[in-house]
Amino acid sequence: MFWRILFQMLRGSRGRLAVALVALISGAAVISALINLDLDIGSKLTEEFRTLGANVVIAPRDVQAGSQPNSQVTAKVDASSGADRNAEAPLLMNEADVLKQLGSVQLREVVAAAPYLYIVSRAEKTQVVVAGTWLDQALKLDPTWKLTGNWVASREDQTHCLVGSGVARQLHLAPGSSLELSYSGRVAQLRVAGVVNAGGADDNQIFMNLPVAQQLSGLSGRIGLVQLSVGGTAQNVTGVVATLANALPDYEVRAIRQVTEAEGSLLARLRLLMFSMVLLILVLTALCVLATMAALAIERREDVGLMKALGGSISRVVGLFLAEVGVLGAIGGVVGCVAGVALSIWMGQRVFATAISVRWEIFPLTIGLMIIVALAGAAPLRMLGKVKPAVIFRGE
Amino acid sequence: MATVVQVEGLRKQYGNVCALDGVSFGVHEGEWIAFMGPSGSGKTTLINILGGLDTPTAGQAIVDGTDVARLDEAGLTRFRAEKIGFVFQQFHLVPYLTALENVMLAQYFHSTTDENEARLALERVGLGDRLKHLPSRLSGGEQQRVAVARALINHPKLVLADEPTGNLDEANAETVIRLLRELHEEGHTILMVTHDPEIGQLADRRIDLAHGRVVGISDYSAKGAVRFDR
């Protein structure tokens, strides 16, 4: 009988309840969309930040790494010195040693990793920064690179290189051009596979596979640093840094703070904004339900008086009305949640150009929130508990 | 015959207004009592107190062994559910429940619902074909018959009817009165407020009230009514 009465109450007051229901559906839709975005935005933002390049570096202990990997360890040798300073390069690391230790750590979060050796070489009569690395990892480490020509697909390729767009302009290079680099009397003959447009310092560098740079500089088996791209949240990155620092105690392992902190800071601000909006929407929804319920409570005074006259206890009678509001909240929560998920997917495509994953936990969360909001908004129904049947029947 | 209602020195004060001023009388089980008197004489207040809808300022109102004046809110609620069947002048049906559901509502607050029993109650008052009708689709007389069925569904000790024909045309009023007579013949105790002297004479006794006091009791139960004026 409880559900029968409840159904008839909902049906009987559907006009007035529709106002509260619309408010609850709207509130639930926006809240579930925001919560879904919030739960998924961490990984989406992380994906976005990963496109900014490497976020962890491994460097010699006494190197004060800057924020940009490319400005970190340019080997303290240059073409003009005319001397092979392999033995005098304490700020370089032993490639085999680092890679062996790195290989002993299995980290799923590491998306890409590559050793780097930076030298200042001479091309024609111009000094140019040369980065020796694993070119097959270059795109993974710097997904935003735009290339004219071809990638160098293998790290074994010792005949091709990539040149930054600035260098290409300066030296009049294009894909297919020949390039001669000299360093301390050693010469490397390379062909340009592609021109890189990175929109930063990389545009002024030449990228070749590591063995070529090592041979050219005479720094065989030496590297300046290792760059890693670590997936996951800022916390994940910090965790990976700690793990690597333990595994490689002789080296400095650090996050590139600008990227990591920007990510963390942006996430924190977004979360605060979303939390504030969710709170505001909850309050507004409750106020809308409150206004509807206040009017409904006045309408229902006579019904409550009658139910009490028939022997209905306060808890049973008010319970009926609260259940009505609770059902309303649940319906609003379910319908709104479905709309909210669709909204979050749409927003995800608009903002991140990618589909936001549906987080199923938002369904119970939103429905629960809407029931609580509806019950909070049903505060005026409490006055029904004080209704005196005799007073109602007297028409007062 | 057992006394089912015993009222002694009953007073009810609303601010400076004295609605009941030392009312005393007794009602035997199976009796049909008609309360009569001008507006404001305290008839409805008396019925409300006996039905546990209101509480007296002073005095006793013992119904089936229970002093209504001593009951708290929860006790009054239980008392109404178990011992009283109400029939109001304004019918007071829940507008969004069907005739059947209105009767079952009384069952729901009393104990458990029995749809079949509720249907039989409505069939008895001639509404077997109106079970699924909302009150808005029933005539005044039909609504009052639903109210009578609802009043009887829990087999109350006392049926309290406040102007049960006050809002009905003559034909419907006759139907309702016929129902009350049948209930009386079956042994129900009925306390009825009415303005209509003809209906009042159908009762076993008529208690006249004025200014909150009993001013006369007429006994119609014996052949040749006897009037005891006070």
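Colleague: What makes β7(B), helix α6 (residues 170-185) of chain B and β8(B) a right-handed β-α-β unit?

Modeller: In this predicted model, the order is strand β7(B), helix α6(B), strand β8(B). The crossover is called right-handed because, with the strands pointing away from the viewer, the path from the first strand over the helix to the second runs clockwise. The two strands, β7(B) and β8 (residues 189-193) of chain B, run parallel.

Colleague: How do you know that β7(B) and β8(B) pair?

Modeller: Pairing requires at least two bridges, and five bridges join β7(B) to β8(B); the two strands therefore count as paired.

Colleague: Why is strand β7 (residues 158-162) of chain B called largely enclosed?

Modeller: A residue is buried if 20 or more other C-beta atoms lie within 10 Å of its own. Five of the five residues of β7(B) are buried, so the strand is largely enclosed by the rest of the structure. On one side these are B:L158, B:L160 and B:D162, and on the other B:V159 and B:A161, which leaves both faces covered.

Colleague: Why is helix α1 (residues 43-50) of chain B described as largely enclosed?

Modeller: Eight of the eight residues of α1(B) are buried, so the helix is largely enclosed by the rest of the structure. Among them are B:K43, B:N48 and B:L50. After the helix comes B:G52, which has a positive phi, near 75°.

Colleague: Turning to chain A, how many of its residues count as buried, and what does its secondary structure come to?

Modeller: Of its 396 residues, 43% count as buried. Chain A has 11 helices and 13 strands. Among its contacts between residues at least 6 apart in sequence, 82% join residues at least 24 apart.

Colleague: How do you know that chain A touches chain B?

Modeller: Two residues are in contact if their C-beta atoms lie within 7 Å, and 20 residues of chain A are in contact with 23 residues of chain B. Helices α1 (2-12), α8 (257-309) and α11 (389-393) of chain A each supply at least two residues of the touching side. The largest share, six residues, comes from α1(A). By class, this side of chain A has 10 nonpolar, five polar and five charged residues.

Notes
Residues numbered from 1 in each chain as written. Chains lettered and ligands numbered in written order. Predicted model: local features only at pLDDT ≥ 70, side-chain atom pairs only at ≥ 80, totals over all residues. Buried ≥ 20, exposed ≤ 12 C-beta atoms within 10 Å, placed from the backbone. Helix = DSSP H or I, 4+ residues; strand = E, 2+ residues; numbered from the N terminus. Nonpolar A, V, L, I, M, F, W, Y, C, P; charged D, E, K, R; others polar.
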